[in-house]
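Biologist: Could you go through this model with me? I would like to hear what lies behind each label.

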Amino acid sequence: MSDTLPDSTAADAAETPLHDDAQIVARGLWKRFQQGSGPSFDAVKGIDLEVRKGEAFGFLGPNGAGKSSTMRMIAGVSPVSDGELRIFGMDPAVDGPTIRGRLGVCPQEDNLDQELNVFDNLYVYGRYFGLPKQVVRERAGELLEFAKLTEKSKARVDELSGGMKRRLTIARSLINKPDLLLLDEPTTGLDPQARHLLWDQLFRLKHAGVTLVLSTHYMDEAEQLCDRLVVMDKGVIVAEGAPLELIRAHSTREVAELRFGAGEHAAHAELLGDLGERVEVLPDRLLVYTEDGEEVLARTHERGLQPLATLVRRSSLEDVFLRLTGRTLVD
Amino acid sequence: MAVSTDSDAVAPDAPPAAPRDLPFVEGVQRQVDYWAIVWARTWRGVIVSSFLSPFLYVLAMGVLLGGFIEADPDELEGATSYLAFVVPGLIAAHAMQTAVSETTWPVMGMIKWQRIYESMLATPLQPRHLVGAHLASVALHLSATCGLYTLVMLPFGVFESWWGPILAFASQVLCGMTFATLVYAFSTRNRSEEGFGVLFRLGVFPLFLFSGAFFPVSNLGDVGSWLARLTPLWQGVNLSRMFALDNVTWWVAGLNVAVLVVLMLLGWRWSVSGLTKRMIT
Amino acid sequence: MSTPASTQLLASNTTEVRPLTRVAATRLLVLRNYIVYRDAWKLFLTGFLEPLFYLLSIGIGVGALVDSFAVGGKEVSYATFVAPGMLAASAFNGALLDSTFNVFFKLKYVKLYDQMLATPLSTGDIARGEIAWGQLRGSSYAAMFLLVMLAMGLIESWWAVLALPAVLLIGFAFSAVCMAATTWMRNFQDFDKITLVQLPLFLFSATFFPIDTYAGPVRWIVECTPLYRGVVLCRELTTGTVSEASLVSVVYLLVMGVVGLMVVRRRLDTLLLT
């Protein structure tokens with residue numbers, strides 16, 4: 001399948017979305033990288049998706065799943081190899097500048113302008129959108145407030161902490177009051193406090209009705225922020241739905257985590273196989289999927305097994321991913 | 001970082017604690033492998049910048065432009081051709097440029113960007129060892145460049161005696177090392193990239209052009225020529241040229257050497273103190 | 001925590017986003033560079049000293065040792081001869097620096113162009129903007145240098161007024177070609193190759209001595225190199241020895257710049273829009 005691109009008639013015309021207010025429509029979207037005459041690499045293999053106005057939509061998957069490639073195509077900086085893609089009903093290959101004028105983009109790595117100070121980063125960037133000087137100045141001031149960077153207005157970019165840089169990058173992506181905000185791994189590399197501050201800001205954006213499209217490999221982030229998400233693996237979509245729906249469809253209510261001595265997990269899995277609907281063996285623990293986790297722990301002890309540590313928790317998207325791909329998310 | 005004073009905590013059969021100060025030579029020797037690997041990676045670029053470019057200067061200025069200059073030994077500090085005049089000066093000026101380029105960006109890089117000094121100082125090495133090894137690498141670079149340059153110039157017949165080029169070579173390396181220690185000291189104190197831009201444009205470049213490498217400083221008029229004679233580069237250019245042309249005034253040579261050596265020692269002290277202040281806070 | 005007013009601040013509203021014409025986009029990129037350099041004016045000012053120092057050292061210091069040269073059948077002093085060479089060479093060196101090291105840094109290290117492409121700007125806008133900025137900087141240096149030449153009595157004709165556009169043309173041609181070359185660079189070591197081309201051009205393009213120093217095929221080769229065309233053009237203008245042959249240099253440099261610009265656009269597309 002990966003040797004040939006699907007022929008484009010197979011991909012439905014993306015001009016006919018299922019919903020009138022769809023802002024992103026992809027049909028059979030494909031991204032192939034060709035390095036010189038070497039072998040080609042398919043990063044995205046014919047995905048279909050629709051994102052509606054005001055939605056918070058997530059791409060979930062491990063590194064290399066094709067999330068960033070998809071986001072770059074949506075942002076109009078990566079040509080589509082095959083299939084159809086419409087942003088605001090327009091083709092990025094034809095109307096790139098017009099589409100980008102309505103997008104906010106927050107890339108995975110902060111690409112702030114190191115030679116400009118904090119305020120000028122917002123000001124100059126805003127001018128790239130053709131916004132009038134006065135409008136940009138006003139908005140830059142307000143956004144610095146929003147990003148809690150007002151006091152750093154005259155600071156150089158390299159004096160900022162990681163969290164501050166991220167907030168500045170997000171503030172910058174809002175300078176044109178975008179209809180659609182693309183966030184690629186927005187909280188990767190941030191400490192927990194900075195992450196919560198950022199989540200709060202994203203919630204407020206969602207509240208204000210901005211369409212959010214974000215990619216992440218953090219389960220908790222996807223569960224917290226997304227109305228709807230797709231799980232991607234190796235360039236294809238393996239599941240789609242609201243976080244709770246996905247958990248209900250692909251996992252049990254609870255999970256019992258059991259840790260035994262090194263190297264004992266596989267053997268113990270066989271002894272406990274009948275206690276839950278399913279048992280997963282990870283290098284450092286066993287996961288038993290069940291409706292009642294405490295019950296599993298009690299039965300384990302009855303059988304004379306003494307785990308070094310135990311934990312009963314609710315199922316999460318992590319479990320969904322494990323179920324669907326047989327792999328954990330964070331490597 | 002607090003150093004543990006609780007020596008009783010060390011197990012009785014542990015080897016005796018290292019002496020408080022690592023001997024200077026040993027500290028430098030421990031960095032030989034590091035610098036050997038750096039050299040193995042960069043020697044091609046070194047050949048281009050330290051050999052080809054001065055050679056092109058000699059060809060353009062010494063041979064081609066020199067063809068339009070009527071050589072009068074009285075006007076050219078004893079040289080019988082413009083080529084013979086300009087070559088020893090150019091080598092000394094080139095020694096300065098090599099030394100400066102090796103002690104500006106690379107030093108800032110090791111302090112600020114790649115933070116190599118930080119990792120080295122987490123070992124028993126101390127700032128003076130780092131300065132010593134870095135400057136030893138510069139000395140090696142200078143010797144290679146000036147030596148090669150001198151060898152290539154031999155067939156052009158610009159040297160007047162067999163011992164002249166050897167002493168000229170030594171004075172070029174001395175001149176380069178004086179700049180290396182002084183500029184190293186500047187780099188340990190300089191925090192902005194802009195500082196180097198100004199150093200090159202207002203320091204190195206005017207020295208290169210006005211310290212007697214291209215024309216006799218007497219062409220600069222009374223005041224100008226005395227100003228030029230106060231610069232460290234002129235000391236090196238003058239030494240190099242006197243030896244190459246076998247036209248030595250020994251008391252002047254002694255004065256030139258003394259100025260360079262004193263400046264070099266001062267530069268060394270400032271380098272060690274600058275790096276210590278910058279890295280150990 | 002911020003006020004409820006934030007809802008209005010954050011709400012989507014792209015009605016004020018305006019499409020950019022090529023000229024407007026180029027102006028914005030120049031504005032960006034202007035803001036950066038506003039704080040580094042010392043560096044900007046000292047950049048002008050470089051050709052001036054060369055002129056004083058080689059033109060006056062070495063010039064005292066050299067007899068006069070003939071340009072277009074006219075006897076001129078060595079300083080008069082070498083000054084227009086310095087003018088052209090400094091435009092060449094400035095363009096080279098701006099469009100190689102600086103562009104490489106923005107392209108590969110700070111990813112400046114990636115952030116620009118997330119906005120309505122295109123790769124063509126970036127190429128035009130960077131080159132336009134380089135020209136502005138270069139022409140301000142050139143104007144100052146011409147004034148110094150005038151003050152030192154090294155200008156022989158009114159044609160010298162056209163030396164300013166001539167310098168712009170030289171800068172444009174080299175900026176475009178060097179920026180194109182930069183898109184093939186992989187690391188800073190590759191820049192040794194640039195030096196390998198820069199220095200011979202600077203030293204042997206009849207900057208410091210007349211073209212008839214060379215004989216036969218060597219002379220033809222030198223006459224075909226771009227910096228030589230720039231040097232003779234400037235020299236013909238400041239010494240007032242312009243002829244129809246001067247047009248050859250103009251066309252040569254113009255074609256070089258346009259071709260370079262086209263290559264830059266295509267290369268930026270393949271590098272940044274993957």
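Modeller: In chain B, 44% of the 281 residues are buried. This is a predicted model, where local features need pLDDT of at least 70 and side-chain atom pairs count only at pLDDT 80 or more, while totals for chains, interfaces and linings use all residues. Residues are numbered from 1 along each chain as its sequence is written, and chains are lettered from A and ligands numbered from 1 in the order in which they are written.

Biologist: Thanks! Why is A:Val231 called buried?

Modeller: A residue is buried if 20 or more other C-beta atoms lie within 10 Å of its own, exposed if 12 or fewer, and partly exposed in between, with C-beta atoms placed from the backbone. A:Val231 has 24 other C-beta atoms within 10 Å, so A:Val231 is buried.

Biologist: And what is A:Val231 in contact with, leaving aside its neighbours within four places in sequence?

Modeller: Two residues are in contact if their C-beta atoms, placed from the backbone, lie within 7 Å. For A:Val231 the partners include A:Leu60, A:Ile237, A:Val320 and A:Phe321. A:Val231 also lies 6.2 Å from A:Phe59, C-alpha to C-alpha, although 172 residues separate them in sequence.

Biologist: Which element holds A:Val231?

Modeller: Strand 8 (residues 228-233) of chain A. Helices (H or I, at least four residues) and strands (E, at least two) are DSSP runs, numbered from the N terminus.

Biologist: What makes helix 11 of chain A mostly covered?

Modeller: Seven of its nine residues, 317-325, are buried. Among them are A:Val320 and A:Phe321, both contacts of A:Val231. Just after helix 11, A:Gly326 takes a positive phi of about 75°.

Biologist: How many helices and strands does chain B have?

Modeller: Eleven helices and zero strands. The C-alpha atoms of chain B fill a box of roughly 80 × 35 × 35 Å along the principal axes. Of the contacts in chain B with a separation of 6 or more, 80% join residues 24 or more positions apart.

Biologist: Which residues touch the most other members of the largest nonpolar core?

Modeller: A nonpolar core is a set of buried Ala, Val, Leu, Ile, Met, Phe, Trp, Tyr and Cys residues joined through C-beta atoms within 7 Å. The largest has 233 residues, and those touching the most other members include A:Leu182, B:Met96 and C:Leu87. Helix 4 (residues 78-109) of chain C gives the largest share, 16 residues. A second, separate core of ten residues includes A:Val255 and A:Leu297.
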